[in-house]
Amino acid sequence: MTAPANSSSPTPEITAEVLTEALPYIRKFSGKTIVIKYGGNAMTDESLKTSFAKNVVLMKLVGINPVVVHGGGPQIGELLSKIGKESSFVDGMRVTDSETMDVVEMVLGGLVNKDIVNLINHNGGRAIGLSGKDGPLIRAKKLHLNKDNADLMAPEIIDIGHVGAVKSIDTSVIDMLVQSNFIPVIAPIGVDDNGVSYNINADLVAGKIAEVMQAEKLLLLTNISGLQDKSGQVLTGLTTEQVNALIDDGTIYGGMLPKIQCALDAVKSGTTSAHIIDGRVPNALLLEVFTDTGVGTLITNTGSRPTTTP
């Protein structure tokens, strides 16, 4: 006997339409790499965490190669608070002394990374956790901040400790995992030529990995609906030139600039498209990758959503 349909469930006709819409995208992106920066609400809300894991597993099952790069700022701050260490920031970046770096490695490379790996595996995937020190995947260099100082002839250089930038990426360990049908989950910790560890912004790491791997897509999950104009409307279908104009006229500013810049760099370096998407939306990854309209902001060199014509 057939169980009664849930009143909130889609009808068979709607389900068939959804699958039909997704089919050409599945065909087009099969065998391609998609780099996903995972963070924000999608990383803390239990239902969104499960949704994310299932989306990633489904991508892998239909032949796409997802590579996950994750953040973990709130979790780092929470543990620092528990041990009585106050967090301090300069231009949105955490000042990271040696003790704080130990906590960063413990949280990002351990607690958060393994939680994501376990979540994906629990939902039917085969994930393996890495940090940039494995391989070594991420070669880092120390990041200094330059601040204008009216009392000095030159900008003041501020040392914020073990905060790094990406010097180079070696994807051999990622390639090995992908070819073995695993899903890499990467903590954004790098190491310099002297073996010193650095905490690196996860958006920047995801962007650089997408560049080096010539990924089909770079997906950056955020806590906003997408890139917005000055009236609050979500913008999409943007060219890199249009995004640069939005930066010049002040539409894009502040904390959004690093995220947008890594998206621009990835597209200019060969990634087909970059997407700023709302991680607060259930199944945001599937909506962006497998539907005609998507969800969030799409950036390409042409400004148009890639065609699904085989």
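User: Which element gives the largest share of the lining of the largest pocket?
Analyst: This is a predicted model. Its largest pocket holds about 1,100 Å³ of space. Several elements each supply at least two residues of the lining, among them α3 (73-82), β6 (138-147) and α8. The largest share is four residues, and the element that gives it is α3.

User: Which residues that line the largest pocket are the closest to its centre?
Analyst: The pocket has about 1,100 Å³ of space. Its lining counts 37 residues. The closest to the centre are Lys-37, Gly-92, Asn-201, Ala-202 and Asp-203.

User: How many residues of the lining of the largest pocket are charged?
Analyst: Sort the lining by class. There are 17 nonpolar residues and 15 polar ones. The charged residues number five.

User: Which element gives the most to the lining of the second largest pocket?
Analyst: The second largest pocket has about 240 Å³ of space. Its lining includes Val-18, Leu-19, Leu-58 and Phe-290. The elements that give two or more residues are α1 (12-29) and α9. With five residues, the one that gives the most is α1.

User: What is the volume of the largest cavity?
Analyst: A search of the whole structure used a cut-off of 30 Å³ or more. One cavity passed it. The volume of the largest cavity is about 70 Å³.

User: Which element supplies the largest share of the lining of the largest cavity?
Analyst: The lining includes Leu-48, Phe-52, Gly-279 and Leu-285. Two elements give two or more residues: α2 (46-61) and α9 (284-290). The largest share is four residues, and it comes from α2.

User: How many residues of the lining of the largest cavity are charged?
Analyst: Ala-42, Ser-51, Asn-55 and Pro-282 are among the residues that line the cavity. By class, eight residues of the lining are nonpolar and four are polar. The number of charged residues is none.

User: Is α7 roughly parallel or antiparallel to α8?
Analyst: Helix α7 spans residues 240-248, and helix α8 spans residues 256-268. Their axes come within 11 Å and cross at roughly 155°. Angles over 145 degrees count as roughly antiparallel. The crossing angle therefore makes α7, relative to α8, roughly antiparallel.

User: Is the crossing of α7 and α8 left-handed or right-handed?
Analyst: The two axes cross at roughly 155°. The handedness of this crossing is left-handed.

User: Which residues of α8 make the contact with α7?
Analyst: From α7, the contact uses Thr-240, Val-243, Asn-244 and Ile-247. By class, the contact has six nonpolar, two polar and one charged residues. The α8 side is made by Leu-257, Ile-260, Leu-264, Val-267 and Lys-268.

User: Is α6 roughly parallel or antiparallel to α8?
Analyst: The axes of α6 and α8 lie 9 Å apart. They pack at an angle of about 5°. Angles under 35 degrees count as roughly parallel. The angle therefore makes α6, relative to α8, roughly parallel.

User: How many residues of the contact of α6 with α8 are charged?
Analyst: On α6 the contact includes Asp-203 and Glu-211. On α8 it includes Lys-259 and Asp-265. The contact also has four nonpolar residues and one polar residue. The charged residues number four.

Key:
Residues are numbered from 1 along each chain as its sequence is written. This is a predicted model: local features need pLDDT of at least 70, side-chain atom pairs count only at pLDDT 80 or more; totals for chains, interfaces and linings use all residues. Side-chain values use heavy atoms; hydrogens and water are left out. Axes are lines fitted to C-alpha atoms, for helices over the stretch in contact, and angles run from 0 to 180 degrees between N-to-C directions. Angles under 35 degrees count as roughly parallel, over 145 as roughly antiparallel, 65 to 115 as roughly perpendicular and the rest as oblique. A crossing is left-handed if the near helix is turned anticlockwise from the far one by less than a right angle, and right-handed if clockwise. Contact means heavy atoms within 4.5 Å. Ala, Val, Leu, Ile, Met, Phe, Trp, Tyr, Cys and Pro count as nonpolar, Asp, Glu, Lys and Arg as charged, and the others, Gly among them, as polar. On a 1 Å grid over the protein atoms alone, a cavity is a set of points where a 1.4 Å probe fits but cannot get out, and a pocket is an open set with protein on both sides within 12 Å along at least five of seven lines; lining residues have an atom within 4 Å of a point. Grid points are joined across faces, edges and corners, and a volume is the space filled by probe spheres set on the points.
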